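Work through the exercises below with the sequence and the model at hand. Each task is followed by a solution in steps.

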Amino acid sequence: MGILDDIFGNDDAKDLKNEVNENETRTEEAKLLLRQEELDISKSRVQTGEVEFGKEIIEEQKIVDVPVLREEIVIERRTLNNEQSDSPITAEETIRIPVSQEKVDVGKRTVITGEVIAHKHDIEETKHIDETLKREEARIKEFGNPDVVDNVSDQQYH
């Protein structure tokens, strides 16, 4: 076909287009598509751990001093200067005095001492992504002494 076939290859004329103008002069045009990589960033939620909380029963020995009252009988003996009595001596005279004391009764009751509440909240932070991107650039090599006009369009070629 043409000289551009030797430079760009003969790929079933995909990128090579032959056009004939009104004067039937033949011009050859070849296209080289330039590509670049772009970052495609997405996010997904993954489990990073879990927190479990519950109750544990702790036993502790409690020692408490409780004051208690008890009655005590005090017997006093007195001498009475041998006074005369009209009563005969008998074995039937008995006096009973009840004696009591406080008894400690221990009971238990359950009371609420506090509560534990757990909830989640989101914290937004910024993750810095460092990625290497590739791009294609057009390189023009001139062999010999050809006349080349490089028209740069509005697109940026780096």
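**Exercise 1. Elements and confidence**

How many helices and strands are there in the protein?

Solution. This is a predicted model, in which local features need pLDDT of at least 70 and side-chain atom pairs count only at pLDDT 80 or more, while totals for chains, interfaces and linings use all residues. Residues are numbered from 1 along each chain as its sequence is written, and side-chain values use heavy atoms, with hydrogens and water left out.

Step 1. The protein has one helix and two strands, where helices (H or I, at least four residues) and strands (E, at least two) are DSSP runs numbered from the N terminus. From the N terminus on, their order is α-β-β.

Step 2. Mean pLDDT (the predictor's confidence in each residue, from 0 to 100) is 82 for the protein, and 79% of its residues reach 70 or more.

Step 3. Over residues 10–23 pLDDT stays under 50, and the model has 20 contacts beyond four places in sequence for them; a contact means heavy atoms within 4.5 Å. Where pLDDT is low, predicted coordinates should not be read in detail.

**Exercise 2. Salt bridges**

Locate the salt-bridge partner of Arg35 and classify the exposure of both residues.

Solution. Step 1. The structure holds six salt bridges, each a side-chain nitrogen of Lys or Arg within 4 Å of a carboxyl oxygen of Asp or Glu.

Step 1. Arg35 pairs with Glu136, with 3.1 Å between the closest N and O atoms. The two lie 101 residues apart, both in the segment after S2, and the pair links distant parts of the chain.

Step 2. Apply the classes: buried is under 20% relative accessible area, exposed over 50%, and partly exposed in between (1.4 Å probe, protein chains only). Arg35 is exposed because its relative accessibility is 54%; Glu136, at 34%, is partly exposed.

Step 3. Arg135 and Glu137 form another salt bridge, at 2.9 Å between the closest N and O atoms. Arg135, Glu137 and Arg139 are linked in a network of salt bridges.

**Exercise 3. Surface**

What percentage of the 158 residues is buried, and which residues form a nonpolar patch?

Solution. Step 1. Buried residues make up 2% of the 158 residues.

Step 1. Val64, Val66, Val68, Val104 and Val106 form a nonpolar patch on the surface, together about 460 Å² of accessible area. Val68 counts as partly exposed because its relative accessibility is 43%.

Definitions and conventions:
Patches are made of residues with over 30% relative accessible area and no salt bridge: like charges are joined within 9 Å, nonpolar side chains (Val, Leu, Ile, Met, Phe, Trp, Tyr) within 5 Å. Accessible areas come from the Shrake-Rupley method with a 1.4 Å probe; for residues, only the protein chains shown count as cover.
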